[in-house]
Amino acid sequence: MAIQWAGLSPALLLALDRTLPLRAQIEGGLRESIRAGRLRVGERLPSSRELARELGVSRGLVQECYGQLQAEGYLETRVGSATRVAPCAVAPPSPPPKAAIEPEMKFNFRPGVPDLASFPRGDWLWAQRETARTAPTSALDYGDPSGSPLLREVLAGYLSRVRGAASAPADLVICTGFAQGLNLVLKVLARAGVTTVAFEDPGYDETSAVAARWAGVTAVPVPVDEKGIKVTALAKTGARAVVLTPAHQWPTGVVLAPSRRRELVAWAEANDGYLVEDDYDAEFRYDREPVGCLQGLAPGRVFQLGTVSKSLAPAVRLGWILCPATISGDVAGEKARDDRGSPGLDQLVLARLIESGRFDRHLRRMRTLYASRRAAVVEALGGVEIGGLAAGFHAVAHLASGASERAVVDAAARRSVGFYGMSRYRSDRAVKPPRLVLGFGNLSERHIRQGLASVADLLR
């Protein structure tokens, strides 16, 4: 039965199905009409007697519906006045226009993505089962916002053994990844009086700018050359903190030279400054053992950020901050205020994975896999110069000096090959010299060769 209420919007129709609960239908119809804006703020509703007569239901049922919607904030009733739509019950804003969706590429050389198909599902399931079987009941509580004591102990040993870090469990704070880790560190530094933070150029895209805005600090770019970040340029910025990728600079791929490491530590000591080290893919070096982390040189001046986004998969959403001992409590407090802690059971699963040796075994396998894929990139590109280390899962292709980086990227896209120019990672978006940042982590060797063969004429 459909009725139209006198004195109200002609668009307002309420249909009742007598085979279904009437109260839920009346409440739902009124609620949806208010949400959709068919009933506007301040608009008068029929009296309970009038509505009951028109719908053929009891007045008591309508009064119950009005009472429920009034309790929810949709309606308001005053003594001696009609029931009306409450001021706060406004129609939701129109959804923003959908962002343009990038066309799906057949061969997407998107950097920063590991081989998702190689996620160690079997090992992860084993660690989950072991965790569920052995974890104490207390592990199901909120726990320490800084992270699982077991994971922090296991990570401290791992970072000391694999990355040469001067690590103690008490100085580790578990977070949900690099973005949160950077946010926490910058907020703590801002409260300590740091107003300007330097970032490598080329370097991060919007991550650095967003984190700086959230923390209320100014972000300044500092150029990178073949030896890493230019410390002399850093000293001129007035910054008291710098975010950098010393083991494998993102995205140029260079390693921070020993002399620059010493200069950075001296700069931090002289300026009461801090180094924020993103150790994002240091496990994956193919020509020799990876260089040790910067934190080991100056543990009192370095925050080391690490995650399993590259070593396992971004979906795991776990990372860590190895803090200077004098400020680790401040970072832990900021983490507690931010979200009370990262997922506890997943932390125990990761701890079990590392303890068992299965994590190291997975890394060894991935190191071999990525080395083969990088070799396939170098072979497929032929005479094109490749920059950066034999490490990680991205390479930098140097285009001819007269080439147009934008034109190459666009032409490749028309052939369903996804390329990414170095200019998108430069602070001024300059396209000279023209470079391509080619991610090969999530592409098979066959797809690498096929994709690059299909655009070979664009690269020479």
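How many cavities of 30 Å³ or more does the count come to? The count comes to two. This is a predicted model, so local features need pLDDT of at least 70 and side-chain atom pairs count only at pLDDT 80 or more, while totals for chains, interfaces and linings use all residues. Residues are numbered from 1 along each chain as its sequence is written, and side-chain values use heavy atoms, with hydrogens and water left out.

**Cavities**
- A cavity is a set of points, on a 1 Å grid over the protein atoms alone, where a 1.4 Å probe fits but cannot get out; lining residues have an atom within 4 Å of a point.
- Grid points are joined across faces, edges and corners, and a volume is the space filled by probe spheres set on the points.
- The largest cavity has a volume of about 50 Å³.
- Its lining includes Y158, R163, D279, E283, Q304 and W320.
- Strand β12 (302-307) and helix α5 (149-163) each supply at least two lining residues. The largest share, four residues, comes from β12.
- Helices (H or I, at least four residues) and strands (E, at least two) are DSSP runs, numbered from the N terminus.
- By class, this lining has five nonpolar, three polar and three charged residues.
- Ala, Val, Leu, Ile, Met, Phe, Trp, Tyr, Cys and Pro count as nonpolar; Asp, Glu, Lys and Arg count as charged; the others, Gly among them, are polar.
- The second largest cavity has a volume of about 40 Å³. Among its lining residues are H248, D281, F284, R285 and P290.
- Six nonpolar, one polar and two charged residues line the second largest cavity.

**Nonpolar cores**
- A nonpolar core is a set of buried Ala, Val, Leu, Ile, Met, Phe, Trp, Tyr and Cys residues joined through side-chain atoms within 4.5 Å.
- Buried means under 20% relative accessible area (1.4 Å probe, protein chains only).
- The largest core has 56 residues; F109, L312, F419, L436 and L459 have the most contacts inside it.
- Helix α12 (residues 358-381) gives the most to this core, with seven residues.
- Apart from it lies another core of 35 residues, among them Y204, W250, I321 and V396.

**H362**
- H362 is found in helix α12. H362 is buried, at a relative accessible area of 5%.
- The H362 side chain reaches the backbone oxygen of S311 at 2.8 Å.
- Contact means heavy atoms within 4.5 Å. Leaving aside neighbours within four places in sequence, H362 is in contact with S118, P120, S311 and L312.

Notes. Buried < 20%, exposed > 50% of the residue type's maximum accessible area, 1.4 Å probe, protein only. Polar contact = N/O pair within 3.5 Å; in protein donor to acceptor, adjacent residues only side chain to side chain. 1 Å grid on protein atoms, 1.4 Å probe; cavity = no way out; pocket = protein on both sides within 12 Å on 5 of 7 lines; lining within 4 Å.
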